[in-house]
Amino acid sequence: MKPLKPISRVLIAIAALLMISAYFVPLWQILMWAPQYPEGLEMDIWINNITGDVKIISALNHYIGMKHIEVKMFPEFTYMIYIVGFLVAFGLITALINKRFILWVFVVLLTATGIAALVDFWLWGYDYGHNLDPTAAIIVPGMSYQPPLIGTKQLLNFTAFSGPDIGGWIFVGSAVLVIGVLVFEIYKSIKEA
Amino acid sequence: MKTITIHRVLSILVVLATVVLWQGCKPKAPGSVTTGDAASQAYVAPGKYDEFYNVVSGGFNGQMSIYGLPSGRLFRIIPVFSQFPENGWGYSEETKPMLNTSHGFVPWDDLHHISLSVTKGEHDGRWAFGNANNTPRVARVDMKTFKTVEILELPNSGGNHSSPFITENSEYIVAGTRFSVPVGDNTDVPISSFKENFKGYISFISIDPADGGMKIAFQLKTPGVSFDLARAGKGPSHGWFFFSTYNTEQAYTLLEVNASQKDKDFIMAVNWKKAEEYIKAGKGTTSKAKYAHNVWDESTHTGVSTIMDEVLQLDPAELKDIIYFIPCPKSPHGCDTDPTGQYIVGSGKLAALIPVFSFAKIQAAIANKDFEGEFAGIPVIKYEAALHGEVKKPGLGPLHTEFDNNGNAYTSFFVSSEIVKWNVKTLEILDRVPTYYSIGHLSVPGGPTSKPHGKYVVAYNKITKDRYLPTGPELTQSAQLYDISGDKMKLILDFPTTGEPHYAESIPASLVMPNSTKIYKIEDNKHPYASLGEGMTKVERKGKEVHVYMTAIRSHLTPDNIEGVKLGDEVFFHVTNLEQDWDVPHGFAVKGANNAEILIMPGETSTLKWKPLSTGVFPFYCTDFCSALHQEMQGYIRVSPAGSNVPIKFSTGKIEDQAGGAGQ
């Protein structure tokens with residue numbers, strides 16, 4: 001079991017600590033524009049909450065039979081705080097234990113969490129966009145309203161954008177930092193060998 | 001033959017030439033077109049904002065209107081003293097108290113003048129005040145919501161024309177009566193006893209610097225004359241107020257002739273700081289008076305009217321040094337202080353010159369007792385002692401003067417139908433432009449403040465004639481915009497106006513726009529009949545009253561099926577707009593309503609009273625096109641005979657009879 005370089009341990013600890021920001025800033029954002037909303041509508045997803053123009057978006061979406069967006073429709077909000085807490089703790093322990101193997105595990109965990117989050121978000125978006133009230137006022141045959149996973153998409157009169165918010169970017173940055181450290185460690189050991 | 005023919009031809013040619021020359025000599029018709037790049041100066045491209053909010057009095061429509069300058073586009077009419085069926089002002093249960101007076105419900109008035117609040121002599125963008133010329137009142141409009149939030153009636157006044165002019169830090173707005181009237185216990189007197197029994201009253205209304213709340217701080221009892229217009233001193237003359245007067249002849253009939261006899265009437269100078277000292281010293285007397293004070297509460301979305309019963313008064317004939325008269329030629333109308341506060345311009349509407357008085361000279365004359373006598377116990381300062389100088393041969397019928405930021409004055413001339421630009425210090429005439437036709441008030445952005453914004457002058461004309469496509473005997477009113485940024489004034493735009501504008505003020509958009517309210521927060525709604533969610537809607541019977549707690553949200557009303565109302569009941573629809581989104585008002589209207597419809601802003605609750613006069617099923621619906629399914633935003637209320645036992649019942653979206661109704 002190879003120990004890590006001191007600089008690697010510091011960087012891993014910093015990456016772990018940065019992830020704490022997830023508790024204080026929004027992680028993901030969905031922005032929408034329409035001819036009637038040139039100023040745009042915004043929905044911010046936090047670790048355990050949704051804020052922004054949620055009521056307005058729900059009020060508009062009820063015409064096409066989409067569900068009313070509420071915090072309680074996301075079970076994720078009840079356990080995301082623990083997942084992030086676990087990742088932060090795991091990062092700090094990685095820096096403490098000082099073994100390459102643990103760093104590998106941490107990288108895999110981070111990547112898996114990121115992929116799982118995106119899959120989970122896509123599944124919610126699929127349900128939200130497809131599972132429509134059959135008595136809705138406006139039914140466009142063949143039309144579904146799944147929001148974009150990442151990027152921009154035109155949905156009837158709305159242009160919707162989905163992407164990481166500050167917290168999401170910090171998370172991505174932290175993950176990239178940790179992966180970078182692993183690459184650096186491997187590179188160093190190859191060179192030293 | 002030949003010579004004769006030549007002569008004939010020649011004579012015909014001479015006649016023709018004469019006709020042509022004669023036509024050429026005839027003055028050209030007025031209405032000359034604008035020149036050069038005028039159109040681009042007044043053009044505000046689609047989607048772009050105007051530079052100024054133009055707050056305009058509506059005259060006989062009793063309202064204020066908001067235009068943009070330089071485009072002249074009308075944005076909104078703010079109902080103030082007059083009922084407004086298009087949004088329910090003065091018809092809804094909440095707004096009715098706002099139009100209450102000591103004479104009962106007065107649902108109209110004649111709004112002449114605007115004053116925008118100032119701090120240190122400059123616009124602060126907080127409130128706009130307007131006067132009611134008929135049933136004496138002043139109103140305050142909040143510049144965040146553009147809504148009338150306070151109306152104060154003025155006792156002992158016969159018509160509030162000399163109002164609502166404002167002091168340098170919005171300490172006071174004033175209200176001077178146009179008609180002197182008998183006051184007190186004995187008001188049933190012969191009209192011919194004018195000199196003995198009729199008094200003029202000037203009210204000083206204090207403005208609460210925190211919330212704008214108005215209160216009659218004191219009234220000055222003055223001789224029986226007519227007060228026309230007024231302006232506060234500023235800078236060196238802060239602490240003084242100047243009022244123009246007419247009918248110092250004290251005529252009570254055919255004023256056209258009888259009030260135009262004297263060579264000079266007065267400008268009345270009021271030392272209001274002195275009046276404050278007397279009040280502090282306990283020299284004021286409290287008199288009985290009956291007047292309404294109506295205040296809008298933004299949390300309950302409701303107006304409350306309180307009848308007040310006394311007012312503090314000062315008698316300047318006994319309490320010396322509060323007021324002085326300054327002779328001013330021929331029934332002065334405008335009485336305007338320049339931005340430096342050093343000069344007061346009197347505009348005698350029948351005078352052939354414009355006198356400009358010097359505040360420093362007035363003070364010296366008072367110190368030296370340079371008086372020519374007394375009028376009703378008040379010292380009259382010698383004309384020459386107060387005079388800075390006269391603008392000679394300015395035009396005919398001077399009315400009002402506004403100022404720019406370069407020491408120039410702009411005076412409107414009704415009779416000669418023009419604006420004349422002159423220098424305040426040198427009194428030299430610099431330029432003149434015609435107006436189409438017969439200008440009344442004029443307005444330079446920031447013109448009455450210590451720091452005019454300049455750039456434009458707007459003429460508010462009294463005669464429109466041929467300026468627009470005719471619309472029968474009753475024509476639109478006409479405003480004209482002139483560029484005053486150069487040496488010469490340039491007409492750049494004609495634009496029609498609503499009501500009959502008198503005075504107006506303009507304020508840079510940057511001082512108002514950032515504060516504009518978008519919605520009322522639903523969680524702050526403390527209306528006693530608000531439904532803060534569809535789950536809280538209900539219908540309640542209280543004796544003969546049926547209260548419907550209704551909500552409106554795109555695109556349905558809850559409840560939309562109501563039964564159990566009986567003939568003889570009064571139905572109160574308390575409609576709460578649950579939207580929390582900008583620019584999504586809902587309306588509410590019910591068939592056969594004898595009052596109006598109502599518009600309800602997001603987060604607001606408003607009540608329409610409806611007394612059905614027959615049994616049946618009556619439709620109601622949303623009147624503001626709110627959404628794609630606005631047309632579906634409708635419902636029914638059933639009215640049964642007086643003795644019927646139909647129970648109170650209400651719902652939305654409940655299908656009772658799948659066979660009989662449109663079941664899902």
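**Strand pairing and chain shape**

Modeller: Strand 13 of chain B and strand 14 (residues 214-222) of chain B pair in the antiparallel sense over 8 bridges. Two strands pair if DSSP finds at least two bridges between them; helices (H or I, at least four residues) and strands (E, at least two) are DSSP runs, numbered from the N terminus. This is a predicted model, in which local features need pLDDT of at least 70, side-chain atom pairs count only at pLDDT 80 or more, and totals for chains, interfaces and linings use all residues. Residues are numbered from 1 along each chain as its sequence is written, while chains are lettered from A and ligands numbered from 1 in the order in which they are written.

Colleague: Which residue takes a positive phi in the hairpin of strand 13 of chain B and strand 14 of chain B?

Modeller: That hairpin has 6 residues between the strands. The positive phi, near 80°, belongs to Gly212(B).

Colleague: How many bridges join strand 11 of chain B to strand 13 of chain B?

Modeller: Strand 11 (residues 172-177) of chain B runs antiparallel to strand 13 of chain B. Gly176(B) stands opposite Ile202(B) in strand 13 of chain B. The number of bridges joining strands 11 and 13 of chain B is 5.

Colleague: In strand 13 of chain B, what is the bridge partner of Val181(B)?

Modeller: Strand 12 (residues 181-182) of chain B is joined to strand 13 of chain B by 2 bridges, and the two run antiparallel. The partner of Val181(B) in strand 13 of chain B is Lys199(B).

Colleague: How many residues of strand 13 of chain B are buried?

Modeller: A residue is buried if 20 or more other C-beta atoms, placed from the backbone, lie within 10 Å of its own. Strand 13 of chain B spans residues 198-207 and is mostly covered. Of its 10 residues, the buried ones number 8.

Terms used:
A residue is buried if 20 or more other C-beta atoms lie within 10 Å of its own, exposed if 12 or fewer, and partly exposed in between; C-beta atoms are placed from the backbone.
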